[in-house]
Amino acid sequence: NYDFLVVGGGPAGAAAAIYAARKGINTGLVADKFGGQVSDTMAIENFISVKATEGPKLVASLEEHVREYDVDIMNSNKANSVKRNQATGLIEVSLENGAVLKSKSVVLATGARWREMNVPGEHEYRGKGVAYCPHCDGPLFKGKSVAVIGGGNSGIEAAIDLAGLVEQVTVLEFADTLRADDVLVRKAKSLANVTIITSAQTTEVLGDGRRVTSLRYTDRLSGTEHDLALAGIFVQIGLVPNSEFLQGDIELTNRGEIITGSAGQTSVAGVFAAGDVTNSPYKQIIIAMGSGANAALGAFDYLIRQED
Ligand code: FAD
């Protein structure tokens with residue numbers, strides 16, 4: 001049995017494990033894939049105090065730091081349910097391989113995944129023009145033309161944000177109207193270097209083998225095909241929290257994010273959550289790490305108040 005068990009091995013989970021282990025409590029970390037989204041990231045330029053790094057490099061440092069401590073790391077293991085046993089007060093984490101781990105406290109840090117366009121070229125040019133995070137990659141496209149896919153709030157926010165950095169922003173929305181809040185749409189429309197195209201179905205990302213050079217889309221009204229010359233494509237069609245396995249057991253928002261209090265507590269006593277899987281508004285590495293530390297301290301506070 002653990003005192004503290006982390007589910008997830010991204011920046012939030014790693015930070016939580018280190019904070020817990022430094023309290024001298026029996027700590028475990030179970031992860032489907034240690035490193036999380038950071039493993040899939042090329043350039044990272046906003047991890048404060050490190051001017052520039054790469055995802056795999058940061059993952060190696062994260063793992064090295066966690067391994068400095070006595071943390072039981074169970075990699076390549078997926079959790080499929082988390083429940084509190086009312087009789088024992090222990091949290092039971094079931095794994096896909098059939099094992100059940102028991103712990104006095106748990107931090108859920110299972111992260112999220114960007115919804116993809118699912119068109120040819122998207123994977124090939126990921127990190128080579130295809131981007132998902134304007135806060136992360138916006139500055140890489142200074143003086144260039146980019147597209148934003150998606151006319152919801154995140155798409156229009158991204159367009160407004162990018163308009164201040166890049167030469168030209170074209171927003172492509174599949175539906176015939178934008179779903180974003182009116183105030184954002186008005187703001188985007190007032191910007192000289194933002195163009196909005198509705199009823200546009202993106203069909204292919206084209207490049208020269210090294211980088212993106214254009215984006216192909218079909219005008220759904222006329223059926224005509226168009227190629228937009230550009231250097232970057234920001235896909236903003238949703239960030240999906242990895243919380244499906246918690247449905248019915250832990251309180252989630254209607255978007256599936258775990259609802260957390262200020263110390264990371266969830267609707268279940270002893271279960272805390274951190275990082276991109278929670279309802280925190282901004283999803284970034286440095287924020288996930290802070291959130292993991294916060295939830296670990298929240299859990300420690302909970303543990304010292306238990307009588308056993
Ligand atoms: P994640 O990193 O998503 O980690 C989740 C962990 O949980 C993984 O270990 C996963 O395997 C595990 N897991 C999931 N489900 C289960 C389960 N059922 N059982 C067990 N384990 C499970 N942020 C920046 O600050 N700067 C950047 O430059 C930047 N660039 C990015 C580029 C890309 C391409 C992407 C995708 C993201 C980028 N981000 C960037 C965002 C950043 O990576 C995330 O905000 C951060 O990784 C969130 O950390 P997390 O620990 O909450 O979740």
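Which residue in β13 is the bridge partner of T170? I looked it up and found T195.

I note that this is a predicted model, in which local features need pLDDT of at least 70, side-chain atom pairs count only at pLDDT 80 or more, and totals for chains, interfaces and linings use all residues. Residues are numbered from 1 along each chain as its sequence is written.

**Entry: the whole protein.** I recorded 6 helices and 19 strands; helices (H or I, at least four residues) and strands (E, at least two) are DSSP runs, numbered from the N terminus. I found 42% of the 308 residues buried, that is, with 20 or more other C-beta atoms, placed from the backbone, within 10 Å of their own. The C-alpha trace spans about 70 × 35 × 35 Å along its principal axes.

**Entry: strand β12.** I located this strand at residues 168-172, where 4 of the 5 residues are buried, so it is largely enclosed by the rest of the structure.

**Entry: the neighbours of β12.** I took two strands as paired if DSSP finds at least two bridges between them. Strand β11 (residues 145-149) runs parallel to β12 and is joined to it by 5 bridges. One of the pairs I checked sets I149 against L172 in β12. From β11 the chain passes through helix α4 (residues 153-163) to β12, a β-α-β crossover that is right-handed: with the strands pointing away from the viewer, the path from the first strand over the helix to the second runs clockwise. Strand β13 (residues 194-197) is also parallel to β12, with 4 bridges between them. I then noted that β12, helix α5 (residues 182-189) and β13 form a right-handed β-α-β unit.

Notes:
A residue is buried if 20 or more other C-beta atoms lie within 10 Å of its own, exposed if 12 or fewer, and partly exposed in between; C-beta atoms are placed from the backbone.
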